[in-house]
Amino acid sequence: MYAFDYTRPKALNEASAALQADGDAKLLAGGMTLLPTMKQRLAAPSTLIDIAQLAELRGHSLESEAGGPATHIRIGAAMRHCEVADSAELRQHLPALADLAGGIGDPQVRARGTLGGSVANNDPAADYPAGLLGLDARVLTNQREIGADDFFVGMFSTALAPDEIITAVRFRIPRRAAYAKFAQAASGYALTGVLVADFGGDIRVAVTGAGPGVFRWKAAEQALAARFEPAALASLNHPADDLNSDLHASAAYRAQLIKVMTQRAVRRITA
Ligand SMILES: Cc1cc2nc3c(=O)[nH]c(=O)nc-3n(C[C@H](O)[C@H](O)[C@H](O)COP(=O)(O)OP(=O)(O)OC[C@H]3O[C@@H](n4cnc5c(N)ncnc54)[C@H](O)[C@@H]3O)c2cc1C
């Protein structure tokens, strides 16, 4: 490590002003990625702006239209993975997302890591990007709203501007959904993870871990819209081109995992 300043603003507008005032400053949420990156000297921020306890980034709320059933859930960016996994209300309305959060890393990582930090970091093997893309979420920032389809633009990169702060994520509540992950044994990161969501015939299949960034498997979405059962994917294979190949798994292995994890998620939903 090397010398840097640390500040803990009391309100979102203070954090925003601090970030705008110093182009070399960085937001600190759970620190699960940023601090190791600094220790390895891959990042050297002048100041850490600690947003982990900002009230405006905490909590969750249900949204509905004209007093009807809940249609969306808004979760604050500073909500830690363990809080999403353990919330009875989130588990009732979005069990797939609670399961996803409960499967991230290990208890220590879940006790510190946050939704906003994970989404901003956009690690190609992280779980939340599949949650956002599969659940047709919108990323809310201190400046605007961005749909998940436009937010994740590539490996470790997003549509966020350097001075933009994620305040919350707004998830659409599906009729039914499930997440299936084949985890890398040491870290828990997804070798391949698939979130399947059914919004009443409109199907979304979001894949993480297999490629350079999260993506939708549209051929599977069409097949499942016609027949929502694992057998609908029997003759469908995801091409291995453009998938990741590394010491953990070849591209061909990951292509097979995409199919198997998608079928597993569908089976979990229909069982
Ligand atoms: C051992 C280990 C195992 C892990 N396993 C998994 C796993 O299985 N699955 C998985 O998905 N993840 C895994 N992670 C990652 C972890 O889940 C964290 O979510 C992730 O590292 C970042 O979240 P954070 O809150 O710690 O962010 P930080 O490390 O504090 O920040 C990360 C980046 O996001 C920026 N940032 C933070 N908050 C915001 C915000 N609100 N708006 C804009 N930018 C922001 C920061 O400036 C920084 O650039 C693992 C991490 C470790 C160390």
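Visitor: Leaving aside its neighbours within four places in sequence, which residues is Ala25 in contact with?

Guide: Happy to show you! Please keep in mind that this is a predicted model. Once the neighbours within four places in sequence are set aside, Ala25 is in contact with Ala18, Leu19, Pro45, Ser46, Thr47 and Ile49. To find Ala25 yourself, look in the loop between α1 (12-21) and β2. Ala25 counts as buried, because 21 C-beta neighbours lie inside 10 Å of it, and the cut-off for that label is 20 or more. For a sense of distance, take Met155: it is 130 residues away from Ala25 in sequence, and their C-alpha atoms are 22 Å apart in space.

Now let us step back to the domains. The domain assignment divides the protein chain into domain 1 (5-55) and domain 2 (58-270). Their C-alpha centres are 25 Å apart. Where the two domains touch, 16 residues come from domain 1 and 15 residues from domain 2. On the domain 1 side of this contact, α1 gives the most, with 5 residues. That side is made up of 10 nonpolar and 6 polar residues, with no charged residues.

Next comes the ligand. It is surrounded by 30 residues, and the closest are Gly30, Gly105, Gly113, Gly116 and Gly117. Both domains take part here, as domain 1 and domain 2 each provide at least three residues of the shell. The largest share, 5 residues, comes from α7. Sorted by class, the shell has 15 nonpolar, 12 polar and 3 charged residues.

Our last stop is a sheet. Strands of a sheet pair through backbone hydrogen bonds, and they can do this in a parallel or an antiparallel way. The one to look for here is an open sheet of 5 strands, in the order β4-β5-β10-β6-β7, with antiparallel pairing. β4 (60-64) and β7 (145-147) are at the edges with a single partner strand each, so one side of each has no neighbour in the sheet. On average, neighbouring strands of this sheet are turned by 25° against each other, direction ignored.

As an example, Glu63 has His72 in β5 as its bridge partner. Further along the order is β6 (residues 138-141), where both faces are covered: Arg138 and Leu140 on one side, and Val139 and Thr141 on the other, are all buried. On the way to β10 (residues 166-172), 4 bridges join β6 to that antiparallel strand, and Val139 stands opposite Val169 in β10.

Key. Residues numbered from 1 in each chain as written. Predicted model: local features only at pLDDT ≥ 70, side-chain atom pairs only at ≥ 80, totals over all residues. Near = placed C-beta within 6 Å. Helix = DSSP H or I, 4+ residues; strand = E, 2+ residues; numbered from the N terminus. Nonpolar A, V, L, I, M, F, W, Y, C, P; charged D, E, K, R; others polar. Domains from an automatic or database assignment. Pairing = 2+ DSSP bridges. Axes fitted to C-alpha atoms, helices over the stretch in contact; angles between N-to-C directions. Buried ≥ 20, exposed ≤ 12 C-beta atoms within 10 Å, placed from the backbone. Contact = placed C-beta atoms within 7 Å.
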